[in-house]
Amino acid sequence: MKKLKWGMIGGGEGSQIGPAHRLGAGLDGAFDFAAAALDHRPEEGRAYGQRLGLAADRAYGDWTEMLEGERNRADRVDLVTVATPNATHFEITKRFLEAGFHVLCEKPMTMTVEEGEEIVKIAKTKGKICAVNYGYSGYSLVRHMKAMVARGDLGKIRLVKAEFAHGHHADAADADNPRVRWRYDPAQAGVSAQFADCGIHALHMASFVIGQEVERLSADTVSCIESRVLEDDAMVNMRFDGGTVGRLWTSSVAIGRQHGLTLQVFGETGGLRWSQEQPNQLYWMPLGERLQVIERGEDNLSPEADRTSRVTIGHAEGMPLAFANIYSDLAEAIRAEKAGRPIDPAADLYPRAEDGLRSMAAVFAVAESGATDGAWVDARPPMFR
Ligand code: NAI
């Protein structure tokens, strides 16, 4: 099968998330890395692109140059990943969608709800894919949890509990650290810090697994480090549109916790627990039976889990492979579009622009509720009310 062409903006040398995208996109042989504008410093971006194997004329100095360079090529990129800092996502994603490219944008997709609605509309009008990198939803056992919920193994879902609490910004001395300080500064980060950075991953995972969207929420937001304007900890109570109760805790001052993304789902006939730090085990407690450990790669899991598992049972499979599953979903979607055939349903699970928009509405709802002593507020984007 002919390879698809892939391009990247941001993710330069030393960036946090760039390598995971390159590993993910390259892993299954579906995409060739063909073009990039990797760095905010044009010369560094060009040089690094060439060191990664790009042709000199496709290792661009900045994203506007890349847009002009790619737009009229017969072999232009099929998919563009946007992995730059948050405030640039909207403009870059919008311009590439308008030029007819498929886009995978890092989270948060935009800085405002209005921008999110605009992206959803442009993607629809143009008939292009706009995916958002909730990459943790690519884990095989997360897909399996979703399949178990959908086929009724847990009965009606009563409660979902999501956490994304780490301790990496717990040092009060970080008030003067330029790599940390901007995150809690409204002028640079927007209306929320920790919820917008990590809470939305936990919220997306909860919605993805239970197949419901959050309708309203009440948030307690605090800055445990007093010099911070924006929150470094939030506890959010939620109600989903299918009647499920949601509890979400996110923090950046939880010393001793490393990554901290965990999901628990409790239904009428069973409970599930999964953690990002042990992604190859899923704890399953059917009502009245013994606790069971489901291993990634076991026989007779769901088609969604089988499709997203690569190495045999007992061998560790981790985060870049979860990202690779988002890329393999996108390769299937792009190939189906080119061939005019339906998408394999087990692959049609990549997070959409609509998910990016819902997250942004939730971010603003958390900020509003946090500022009004936990008042319950509508968490839906106006477009979906
Ligand atoms: P970073 O600061 O480590 O790297 C950003 C990279 O983008 C740098 O190489 C920089 O030179 C480049 N860049 C900045 N402006 C640019 C421009 N205008 N054109 C081209 N390149 C530009 O940031 P990090 O942590 O890698 O985060 C990037 C994005 O990824 C953020 O939106 C963040 O929220 C998201 N992220 C997502 C994760 C996930 O699990 N989905 C995990 C970590 C980050």
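Author: Helices (H or I, at least four residues) and strands (E, at least two) are DSSP runs, numbered from the N terminus. Asn300 lies in the loop between strand E13 and helix H10 (303-307). The structure is a predicted model, in which local features need pLDDT of at least 70 and side-chain atom pairs count only at pLDDT 80 or more, while totals for chains, interfaces and linings use all residues. Residues are numbered from 1 along each chain as its sequence is written, and side-chain values use heavy atoms, with hydrogens and water left out.

Reader: Why is Asn300 called exposed?

Author: The relative accessible area of Asn300 is 75%. Exposed means over 50%, buried under 20%, and partly exposed in between (1.4 Å probe, protein chains only), so the value of 75% places Asn300 among the exposed residues.

Reader: What makes the phi of Asn300 worth a remark?

Author: The phi of Asn300 is near 60°, which is positive although the residue is not glycine. Most residues other than glycine have a negative phi. Asp373, in the loop between helix H12 (353-371) and strand E14 (377-378), also has a positive phi, near 55°. With a relative accessible area of 81%, Asp373 is exposed.

Reader: Why is the contact between Glu70 and Arg58 called a salt bridge?

Author: The closest N and O atoms of Glu70 and Arg58 are 2.7 Å apart. A salt bridge is a side-chain nitrogen of Lys or Arg within 4 Å of a carboxyl oxygen of Asp or Glu, so the pair meets the rule. Glu70 lies in helix H3 (residues 63-71) and Arg58 in the loop between helix H2 (42-51) and H3, so the pair ties together parts that are 12 residues apart in sequence. By this rule the count comes to 30 salt bridges.

Reader: How do you know whether Glu70 is buried or exposed?

Author: Glu70 has a relative accessible area of 0%, so the residue is buried. Arg58 is buried as well, at 5%.

Reader: Which residue does Arg58 also meet, with closest N and O atoms 3.4 Å apart?

Author: Arg58 forms that salt bridge with Asp75. Arg58 lies in the loop between H2 and H3, and Asp75 in the loop between H3 and strand E3 (79-83), so this pair joins parts 17 residues apart in sequence. Asp75 is partly exposed, its relative accessible area being 32%.

Reader: What makes Arg385 and Asp378 a salt bridge?

Author: Their side chains meet with N and O 3.5 Å apart. Arg385 counts as exposed at 55%, whereas Asp378 is partly exposed at 30%. Elsewhere, salt bridges that share partners join Asp57, Arg58, Glu70, Arg73 and Asp75 into one network.
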